[in-house]
There are 2 protein chains.
Amino acid sequence: MEMEESPTRLRGKPSWLISKASARAHRLIGEAMTAAGGRAYHFAILAALEEFGPDSQVRIGQRCGIDQSDMHAMLNELTTQGHVARASDPSDRRRNLITLTPAGRRRLEELDRALSKVQDDLLNALSADERDRLTALLTHVLALT
Amino acid sequence: MEMEESPTRLRGKPSWLISKASARAHRLIGEAMTAAGGRAYHFAILAALEEFGPDSQVRIGQRCGIDQSDMHAMLNELTTQGHVARASDPSDRRRNLITLTPAGRRRLEELDRALSKVQDDLLNALSADERDRLTALLTHVLALT
DNA sequence: CCAATTTCCTTGGTCGAACCAACCTTGGTG
DNA sequence: CACCAAGGTTGGTTCGACCAAGGAAATTGG
C-alpha cells in the first residue's frame with residue numbers, strides 16, 4: 001500500500017483520487033464490519049427503516065442504492081439475526097413489509113458508532129471544517145438535493 | 001440509479017458519499033474505456049512511464065497502486081497492443097524493463113483526453129473552483145505529499 | 001370481468017477489481 | 001557455498017455491482 005510518488009497525470013484526475021479514497025474506505029469498513037459481524041449494507045438498510053418506517057424491499061433498495069437481488073440476500077441475513085422482520089403486506093400481497101425490530105434499532109446504533117470511527121480514521125488528515133466541505137462537495141456531485 | 005431520498009445517517013457518512021461517487025466514476029470510466037478499447041490501468045501505467053521513464057514492473061505497480069499479478073496481465077495487453085515494450089534488464093536479469101513506445105505515448109494522450117472528459121461529466125455540478133477544492137481535499141486525505 | 005401489463009420478490013447467474021499464496025529465477029550477503 | 005531477498009509468473013479467491021428470467025399478485029383498459 002506504500003504509494004511511491006504517483007504520476008502527476010493520475011493525481012490530477014479526481015476520479016482516480018475518489019477511487020483510491022473509496023478503496024481505502026472500503027478496507028477500513030471491511031475491518032470494522034467483520035469486527036462487528038455486520039456489513040455496510042446492513043447499516044444502510046437499518047438506517048432507512050429507522051428514518052422512513054416499514055417499507056417494501058424495492059423502496060428500501062432505491063433509497064440506499066442497493067440492487068433488488070442484493071437486498072434479498074441482505075434481508076435474509078438481517079432477519080436471521082433478528083434485526084428486521086419480513087412479513088407479507090396484507091394490503092398488497094406482492095410486497096414484503098420490512099420492519100425494524102428493537103434489536104435492530106440497537107444494532108443500528110452499534111453499527112453507527114463503528115462507522116463513525118471509520119470516518120475519523122479515513123479523514124484524520126482533515127479538520128472538522130474540511131470534512132464538512134468535503135461532504136458538501138460530494139453531496140453536490142451526487143446531486144442529493 | 002434513481003436515488004429516492006436516502007437516509008440522513010447515510011448521507012452524513014463521507015465514506016458512503018465517496019463510495020457512491022466512486023461507483024459513478026467507475027461506470028463512466030468503464031463506458032469511456034470500452035469505447036476507446038482500453039482500461040484505466042493502461043492510462044496509469046503509461047502515465048508512470050512517461051513521467052518517470054523506463055522501470056520495472058513492481059515499481060510501476062507501486063506508483064500506481066496496482067498489484068503485481070494485475071500488472072502482469074495489464075502489461076501483456078499493452079505489449080500486444082504495441083504501446084509498451086518488455087525487455088529483460090541486462091543489469092539485473094530478474095527485472096523486466098518496461099519502456100514506452102511512440103505508439104504508447106500517443107495512446108497516453110488519447111486516453112487522457114477520454115478520461116478528462118469523464119471528469120467533466122462526473123463533476124459537472126461543480127464549478128472549476130469547487131473541483132480544485134475537491135481535488136485538494138482528496139489529495140490531502142490520501143496524504144499524497 | 002377478462003386480458004394484458006406492471007410491480008415485487010426470488011433465483012441464479014456474470015463480471016471486474018482487489019487481493020493472496022506459491023513458485024521459479026536471479027541477485028546479494030555472510 | 002548456503003542462505004535470504006527481490007522480481008516476475010501463475011493460478012487462484014473474494015466481494016461488490018449488476019443483469020435476466022420467472023412466478024405471484026395487483027392494476028388497467030377494453
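Okay, so when I say two residues are in contact, I mean that their C-beta atoms, placed from the backbone, lie within 7 Å. Keep that in mind for the interface, and remember that this is a predicted model.

Let's start where the two protein chains meet. By that cut-off, 52 residues of chain B are in contact with 52 residues of chain A. On the chain B side, the elements giving two or more residues are helix 1 (8-11), helix 2, helix 3, helix 4 (57-64), helix 6 and helix 7 (128-141). Helix 2 of chain B gives the largest share, 11 residues. If you sort that side of chain B by class, you get 26 nonpolar, 12 polar and 14 charged residues.

Now, helix 6 of chain B, residues 102-122. With 21 residues, helix 6 reaches 30 Å from its first C-alpha to its last, close to the 30 Å expected at 1.5 Å a residue. So which residues of helix 6 of chain B are buried? They are B:Gly104, B:Arg107, B:Leu108, B:Leu111, B:Leu115, B:Val118 and B:Leu122. These cover an arc of only 105° around the axis, so they sit on the same side of helix 6 of chain B. The general rule here is that an α-helix has 3.6 residues a turn, so residues three or four places apart point the same way.

On to the DNA. There are 19 residues around DNA strand D, and the ones that come nearest are A:Ser69, A:Arg93, B:Ser56, B:Gln57 and B:Ser69. Helix 5 (68-80) of chain A gives two or more residues to this surface, as do helix 2, helix 4 and helix 5 of chain B. By class, the surface near DNA strand D has 2 nonpolar, 8 polar and 9 charged residues.

Last stop, B:Thr79, which is found in helix 5 (residues 68-80) of chain B. B:Thr79 counts as partly exposed because it has 16 C-beta neighbours inside 10 Å. Leaving aside neighbours within four places in sequence, B:Thr79 is in contact with B:Val84, B:Ala85 and B:Arg86. B:Phe52 is 27 residues away along the chain, and its C-alpha is separated from that of B:Thr79 by 19 Å.

How values were computed. Residues are numbered from 1 along each chain as its sequence is written. Chains are lettered from A and ligands numbered from 1 in the order in which they are written. This is a predicted model: local features need pLDDT of at least 70, side-chain atom pairs count only at pLDDT 80 or more; totals for chains, interfaces and linings use all residues. Helices (H or I, at least four residues) and strands (E, at least two) are DSSP runs, numbered from the N terminus. A residue is buried if 20 or more other C-beta atoms lie within 10 Å of its own, exposed if 12 or fewer, and partly exposed in between; C-beta atoms are placed from the backbone. The expected span of a helix is 1.5 Å times one less than its number of residues. The arc is that of the directions from the helix axis to the C-beta atoms. Ala, Val, Leu, Ile, Met, Phe, Trp, Tyr, Cys and Pro count as nonpolar, Asp, Glu, Lys and Arg as charged, and the others, Gly among them, as polar. A residue is near a molecule or strand if its C-beta atom, placed from the backbone, lies within 6 Å of it.
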